[in-house]
Amino acid sequence: MQHKVYWIEGDGIGADIWKAAMPVVNAAVKQAYHGTEEIIWQELLAGEKAFAQTGKHLPEETLNALKTAKVAIKGPLATPVGTGIRSLTVTMRQTFDLYACIRPVKWYKGIIASVRHPEKVNMTIFRENTEDVYAGIEFASNTDEARKLIDFLNQNFNKNINAECAIGIKPMTEKGCKRLVRRAIQYAVDNKLPNVTLVHKGNIMKFTEGAFQKWGYEVAKQEFGDATVTEKEVREGADPNGKIIIKDRIADAMFQEALLRPEEYSVIATTNLNGDYLSDALAAQVGGLGMAPGVNMSDNLAIFEATHGTAPTAANKDIANPCSLLLSAAMLLEHIGLEKAGKAIQNAIQNLIDKKTVTQDLAKEIENAESVSCSGFGKLLLAEIEAMEF
Ligand code: NAD
């Protein structure tokens with residue numbers, strides 16, 4: 001059977017990591033299914049490569065193809081800070097309503113992590129992807145727009161905002177929050193996981209972040225009433241046996257919990273900005289962004305992605321770590337029903353960590369490790385996979 005997968009190379013280290021990763025993915029599928037399954041790769045242009053060829057960073061052809069696509073996978077795309085084009089990754093999330101950013105974070109044995117017990121970290125973060133401050137309503141300080149908005153707020157709502165402020169708006173809907181929490185709880189149900197934690201900053205932003213918490217509990221009660229119980233109900237004597245415990249944590253407390261008691265959290269459901277911070281912090285806890293996979297999903301389309309950026313200083317030097325892209329590809333393979341191939345990629349990566357032959361960023365995190373190039377690492381993974389029996 002043939003599986004069409006759209007791929008976007010990405011900027012910076014994108015070309016290097018794809019060169020190493022694509023043969024590994026093909027080999028994993030071939031080896032695991034003895035040639036009966038095959039990925040048909042179709043490239044879509046985005047970012048600097050697209051601009052060089054078409055004059056646009058996100059050409060119509062790419063947008064049109066993604067409209068009807070089911071799965072795609074992308075390398076990192078550059079965004080200038082402060083000025084210039086809007087983040088292409090954010091644009092894609094909003095154009096295709098990819099409302100759930102899902103990032104599993106777990107430790108690979110052998111990596112020296114920044115915490116004493118990285119093996120206790122095994123969490124999947126569901127980050128709302130389309131709303132919150134990422135919806136992008138912001139006005140620079142001392143502009144007409146900012147002054148108009150500040151005047152309006154001061155006059156109509158009896159506020160006292162300094163006229164020189166820059167100002168931003170944080171839009172969040174019940175529908176947007178609920179569909180994210182629904183997906184997170186469903187994931188816990190499907191994977192028989194013990195708890196889902198709603199992470200928010202509702203003590204300060206009561207009607208946005210606080211509403212996320214309220215709506216989250218409503219979804220749990222109204223749609224998963226038989227499968228869930230709240231932490232409060234358990235404290236009051238309810239039997240948690242066989243049920244998913246729904247908890248909530250204020251975002252800053254969650255950062256502490258992730259460091260002190262990570263084993264008490266299996267699925268996190270959170271708002272856009274909190275989720276952005278928390279995913280990177282958790283990835284760093286278990287060995288850095290180079291290892292963290294992820295996917296952005298709507299109800300129809302899943303775009304898997306390397307979760308790190310373009311690492312411009314490492315670009316075209318054949319030194320980058322392709323693991324994030326490869327582990328995202330492993331998630332993609334699972335998503336399209338090729339679990340054995342996905343597992344093969346994960347096992348091959350663990351084997352090379354065990355053998356202590358890794359790219360330079362990981363070599364720094366493994367005692368007495370030998371550092372290999374990005375392409376060299378790809379070749380070693382290929383050899384691992386070709387030696388596997390299915
Ligand atoms: P970055 O992830 O590119 O780099 C942070 C650090 O991690 C750097 O030291 C880098 O060398 C290292 N690093 C990251 N990935 C690595 C890998 N695979 N192998 C080895 N080392 C790796 O983050 P940044 O510097 O904040 O951002 C650079 C650019 O990437 C910006 O334009 C930013 O907008 C963009 N970005 C894109 C995405 C995305 O497309 N999803 C995500 C984050 C940042």
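Q: Which residue in β10 stands opposite Thr197?
A: Lys247 of β10 stands opposite Thr197. Strands here are DSSP runs of E with at least two residues, and helices are runs of H or I with at least four, numbered from the N terminus.

Q: What kind of model is this?
A: This is a predicted model, in which local features need pLDDT of at least 70 and side-chain atom pairs count only at pLDDT 80 or more, while totals for chains, interfaces and linings use all residues. Residues are numbered from 1 along each chain as its sequence is written, and side-chain values use heavy atoms, with hydrogens and water left out.

Q: Back to β8: in what sense does it pair with β10?
A: Strand β8 pairs with β10 (residues 244-250) in the parallel sense, over six bridges. Pairing requires that DSSP find at least two bridges between two strands.

Q: And what is the bridge partner of Thr197 in β11?
A: Ile268 is that partner. Strands β8 and β11 (residues 267-270) are also parallel, with four bridges.

Q: Why is β8 largely enclosed by the rest of the structure?
A: Strand β8 (residues 195-200) is largely enclosed because six of its six residues are buried. Buried means under 20% relative accessible area, exposed over 50%, and partly exposed in between (1.4 Å probe, protein chains only). One side carries Asn195, Thr197 and Val199, and the other carries Val196, Leu198 and His200.

Q: Now Thr124: buried or exposed?
A: Thr124 is buried, with a relative accessible area of 5%. This residue belongs to strand β5 (residues 122-128).

Q: With which side chain does its side chain make a polar contact?
A: The side chain of Thr124 makes a polar contact with that of Tyr187, at 3.4 Å. A polar contact is a pair of N or O atoms within 3.5 Å; within protein, one must be able to donate a hydrogen and the other to accept it, and residues adjacent in sequence count only if both atoms are side-chain atoms.

Q: How many residues does the largest nonpolar core have?
A: The largest nonpolar core has 79 residues, and Ile73 and Val196 are among those with the most contacts inside it. Helix α1 (residues 14-33) gives the most, with 12 residues. Such a core is a set of buried Ala, Val, Leu, Ile, Met, Phe, Trp, Tyr and Cys residues joined through side-chain atoms within 4.5 Å.

Q: What about the ligand: which backbone has a polar atom 2.9 Å from its oxygen atom?
A: Leu77 has that backbone atom. A backbone N or O atom of Asn321 also lies 2.9 Å from a nitrogen atom of the ligand.
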